[in-house]
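Here is a short report on one protein model. It covers charged pairs, a metal site and an annotated domain.

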Amino acid sequence: MKIQYLGTAAAEGWPAVFCKCEACKRATKLGGKDIRTRSQALIDGKLLIDFPPDAYWHAITYQFYLGDIESLLVTHSHQDHFYPLELILRGSPYAHEQNGCLTIYGNSNVKRLYEIALAEENDCPDISEAVSFQKVEPMKSFTTKEGYQVTPLPAIHKENERCLIYLIEKGGKRIFYGNDSGFYPEEVWAYLKGIHLDLISLDSTMGNFSGGTGHMGIAENIRAYERFKEIGCVDETTKVVVNHFSHNGQLSHSELEEMVKPYGFLVAYDGLVIEA
Ligand SMILES: [Zn+2]
Ligand SMILES: [Zn+2]
Ligand SMILES: [Zn+2]
């Protein structure tokens with residue numbers, strides 16, 4: 001499997017939409033890998049994870065057709081991960097000759113937001129032929145039409161919502177996509193025990209600082225990595241990636257790389273492609 005990181009920032013982007021802090025000014029000046037858009041990833045050019053307000057920009061920049069995508073995994077309802085108003089443009093007259101139907105997989109909060117967008121803004125009479133919604137639950141695996149076996153797992157992220165992270169399997173390879181979440185709950189460790197992971201993608205929103213309960217920083221990423229090793233998920237072929245960064249974490253891309261170098265982690269940036 002091949003994962004491409006399309007957007008690697010937290011909710012506000014980096015530089016953040018309305019921010020003039022030093023970390024944002026520095027990112028603007030540095031450019032390149034220090035410019036981070038909102039969170040999204042693409043597996044094998046086919047399976048999309050999350051749909052932020054920057055999804056349209058990602059498709060233009062990384063040259064793929066959103067109309068070709070038929071499966072979308074949504075982690076949770078925060079707007080940097082799910083921007084449903086864009087999705088209702090997949091119907092006619094806004095979209096022509098798109099592939100089949102896009103299935104959105106998500107929890108009940110995500111479903112509610114999609115239904116609100118449909119009820120209030122939809123003027124595509126045949127939208128149900130272009131987009132459908134499938135509600136998913138933690139620990140209940142399903143298979144997408146492209147043949148990915150997907151297991152939603154519970155994140156620790158937001159009150160009053162069962163936010164999800166995902167285990168994605170195909171052709172004997174496994175990717176664990178672990179944002180947004182604080183240090184993973186015991187059910188996640190119990191589920192993953194003894195399962196070999198080819199790629200582990202961690203929430204590193206707070207960089208040098210502690211992430212608190214809803215996110216992690218590098219120190220918690222290291223602790224999570226130790227736990228993955230303890231329960232037998234990691235061998236010398238496993239790639240570990242830190243992802244989803246906030247300007248409040250402050251570290252530039254090269255500073256992050258320096259910090260995680262002793263552990264062999266990779267630092268995600270917009271556009272990064274990794275073969276798992
Ligand atoms: Zn986020
Ligand atoms: Zn800022
Ligand atoms: Zn979030």
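## Salt bridges and a zinc site

The side chains of Lys 158 and Glu 161 form a salt bridge, with 2.7 Å from N to O. The term means a side-chain nitrogen of Lys or Arg within 4 Å of a carboxyl oxygen of Asp or Glu. Side chains of opposite charge can pair when their charged atoms come close. Lys 158 is partly exposed, at 27% relative accessible area. Glu 161 is buried, at 9%. Buried means under 20% relative accessible area, exposed over 50%, and partly exposed in between (1.4 Å probe, protein chains only).

This is a predicted model, in which local features need pLDDT of at least 70, side-chain atom pairs count only at pLDDT 80 or more, and totals for chains, interfaces and linings use all residues. Residues are numbered from 1 along each chain as its sequence is written, chains are lettered from A and ligands numbered from 1 in the order written, and side-chain values use heavy atoms, without hydrogens and water.

The whole structure holds 13 salt bridges. Three of them are listed here.

| Pair | N to O distance |
|---|---|
| Lys 158 and Glu 161 | 2.7 Å |
| Arg 227 and Glu 186 | 2.8 Å |
| Glu 226 and Lys 229 | 3.8 Å |

Arg 227 and Glu 186 pair up. Arg 227 sits in helix H7 (residues 218-230) and Glu 186 in helix H6 (residues 186-192), so the pair ties together parts 41 residues apart in sequence. Glu 226 and Lys 229 are three residues apart in helix H7, about one helical turn. Helices (H or I, at least four residues) and strands (E, at least two) are DSSP runs, numbered from the N terminus. Lys 135, Glu 137 and Arg 162 are linked in a salt-bridge network.

Now the metal. Which residues hold the zinc ion (ligand 3) as protein donors? They are His 76 (NE2), His 78 (ND1), His 157 (NE2) and Asp 180 (OD), 2.1 to 2.4 Å from it. Donors are N, O and S atoms within 2.8 Å of the metal (3.2 Å for Na, K and Ca); water is not among the atoms, so sites may look incomplete. Asp 180 also bridges to the zinc ion (ligand 1), and the two ions lie 3.5 Å apart. His 78 lies in the loop between strand E4 (71-73) and helix H3 (84-87), and His 157 in the loop between strands E8 (149-154) and E9 (164-170), so the pair ties together parts 79 residues apart in sequence.

UniProt lists residues 67-229 as "domain: Metallo-beta-lactamase", in an unreviewed entry. Such annotations may be inferred rather than shown by experiment. That stretch is 25% helix and 24% strand.
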